[in-house]
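Here is a short report on one protein model. It starts with a single contact and then moves out to the whole chain.

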Amino acid sequence: MLSYMASLDGKVLIIGAGIGGLTLAHALAQRHIECAIFERETELKPVGAGILVQTGAMLALRTLGLDAAIASAGQEARVGVVTTDRGRLLQSTPMDFLRDELGVPTIAIHRGRLQETLLDGARGVPLSFASELVRYEADGSGVTAYFANGESARGALIVGADGLRSSVRRLLLGDSPLRYAGYTSWRGVAEVSDALTPFEVREMWGRGARFGYAGIGAGEAYWFAVLNAPPGERDADSLAVVRGHFSSWAPPVPALLDGTRPERVFRTDIHDREPVRSWSGPRVTLLGDAAHPTTPNLGQGGCMAIEDAVVLAHALERGNGLDGALADYERVRLERTSRIVKASFRFGKIAQLQNPFLIWLRNALLRFTPVASVQKQLRAAANFALEGARATENA
Ligand SMILES: Cc1cc2nc3c(=O)[nH]c(=O)nc-3n(C[C@H](O)[C@H](O)[C@H](O)COP(=O)(O)OP(=O)(O)OC[C@H]3O[C@@H](n4cnc5c(N)ncnc54)[C@H](O)[C@@H]3O)c2cc1C
């Protein structure tokens with residue numbers, strides 16, 4: 001797809017000030033590569049609930065010097081627990097061995113606080129709001145981005161960090177529908193005692209339904225509820241709908257729902273896309289959800305956006321020409337992200353099973369899976385490399 005040699009002889013135009021776009025801005029600014037961010041919204045709203053920043057992303061953030069700030073703005077998740085909807089233990093896996101081995105904790109954090117910390121890191125990078133990209137044109141000497149507000153910007157490279165419904169992706173790879181996973185989700189933030197959610201991330205698996213939560217510090221916990229459902233349903237009162245489905249579940253679900261204000265609950269249908277073999281073209285590339293949207297089952301979508309941003313900045317810095325840099329970026333990121341997207345989709349199918357016999361079988365398998373084997377998978381998923389990923393990931 002990369003049709004001619006070009007060099008990075010101008011600004012990087014970052015489309016989207018989400019998790020990936022802000023991380024990229026910081027990583028480029030740190031390397032003295034000129035960039036600017038263009039965001040469709042009129043401000044950065046501290047919306048959303050919580051997010052798990054896992055080891056790979058924390059290692060990427062460490063290269064930017066942001067790992068400590070993220071860690072202190074959230075709460076460490078030291079154990080991963082899976083139970084049934086009645087609270088029967090299926091699996092409990094210590095995760096803090098990764099902190100001991102690799103030097104970074106797994107952090108559960110409020111999404112708004114993650115965004116603020118990333119934005120702080122990107123201070124100094126020009127950020128234009130109300131700038132929705134609608135079109136771009138690349139030529140031999142650069143690329144021009146056109147925005148819905150009538151303005152335009154000229155640079156050397158466009159990076160589409162514009163999320164699940166990316167316009168840059170549509171212009172680059174063509175229009176195709178998202179894949180609906182078969183389930184919808186609600187996310188909320190509960191104001192509860194930290195003792196209710198002690199340094200763990202917990203999922204409770206029922207029949208075609210799941211509930212998960214983690215403490216994010218400062219007397220808050222984020223939770224998510226997932227239910228098999230047709231796409232496109234809307235709620236008049238999302239908290240009431242979640243209560244209807246989940247308030248009979250084992251503790252602490254009722255207490256978490258009681259501690260949640262209705263305006264802090266968001267519903268999102270879950271979509272992803274089949275991985276592609278390339279997401280770059282002349283003077284344009286993608287990152288994060290724009291490149292490889294994933295179901296949230298492994299909690300890796302935002303983490304992969306962070307990792308992408310750091311790898312892309314590193315590739316651009318190495319001065320292998322623009323096309324060489326984009327090829328390096330894809331070489332390092334395609335395989336890992338494709339593997340995670342596929343694994344997350346499969347995991348969702350298993351977690352959302354409806355059939356009672358299959359659920360029984362699944363739960364038995366979970367109970368008898370050795371902790372060491374779960375930790376081996378976590379160790380493989382934790383692996384983050386700026387370059388040469390293939391060589392290190394399967395070690
Ligand atoms: C229920 C649920 C739970 C999740 N849990 C986790 C988790 O625990 N851990 C994790 O790592 N991930 C999680 N994720 C996934 C994570 O939220 C996403 O993968 C992540 O936000 C992607 O980051 P991004 O920067 O690619 O896109 P986004 O954060 O979506 O940012 C895209 C930005 O681009 C802007 N934009 C869009 N179109 C345009 C345009 N045309 N022009 C200009 N700007 C534009 C948007 O306004 C937005 O600001 C979860 C997702 C869901 C739904």
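## One residue up close

The side chains of Thr144 and Arg154 make a polar contact at 2.9 Å. A polar contact is a pair of N or O atoms within 3.5 Å; within protein, one must be able to donate a hydrogen and the other to accept it, and residues adjacent in sequence count only if both atoms are side-chain atoms.

Thr144 lies in strand β10, residues 142-147. Thr144 is buried, at 12% relative accessible area. (Buried means under 20%, with a 1.4 Å probe and protein chains only.) Leaving out residues up to four places away in sequence, Thr144 touches Arg135, Tyr136, Glu137, Ser152, Ala153, Arg154 and Ile158. Touching means heavy atoms within 4.5 Å.

## How the model was read

This is a predicted model: local features need pLDDT of at least 70, side-chain atom pairs count only at pLDDT 80 or more, and totals for chains, interfaces and linings use all residues. Residues are numbered from 1 along each chain as its sequence is written, and side-chain values use heavy atoms, leaving out hydrogens and water.

## The whole protein

The protein has 13 helices and 19 strands. These are DSSP runs: helices (H or I) have at least four residues, strands (E) at least two, numbered from the N terminus.

Of the 395 residues, 55% count as buried. Along its principal axes, the C-alpha trace spans about 60 × 50 × 40 Å. Take contacts between residues at least 6 apart in sequence: 75% of them join residues at least 24 apart.

Terms used:
Buried < 20%, exposed > 50% of the residue type's maximum accessible area, 1.4 Å probe, protein only.
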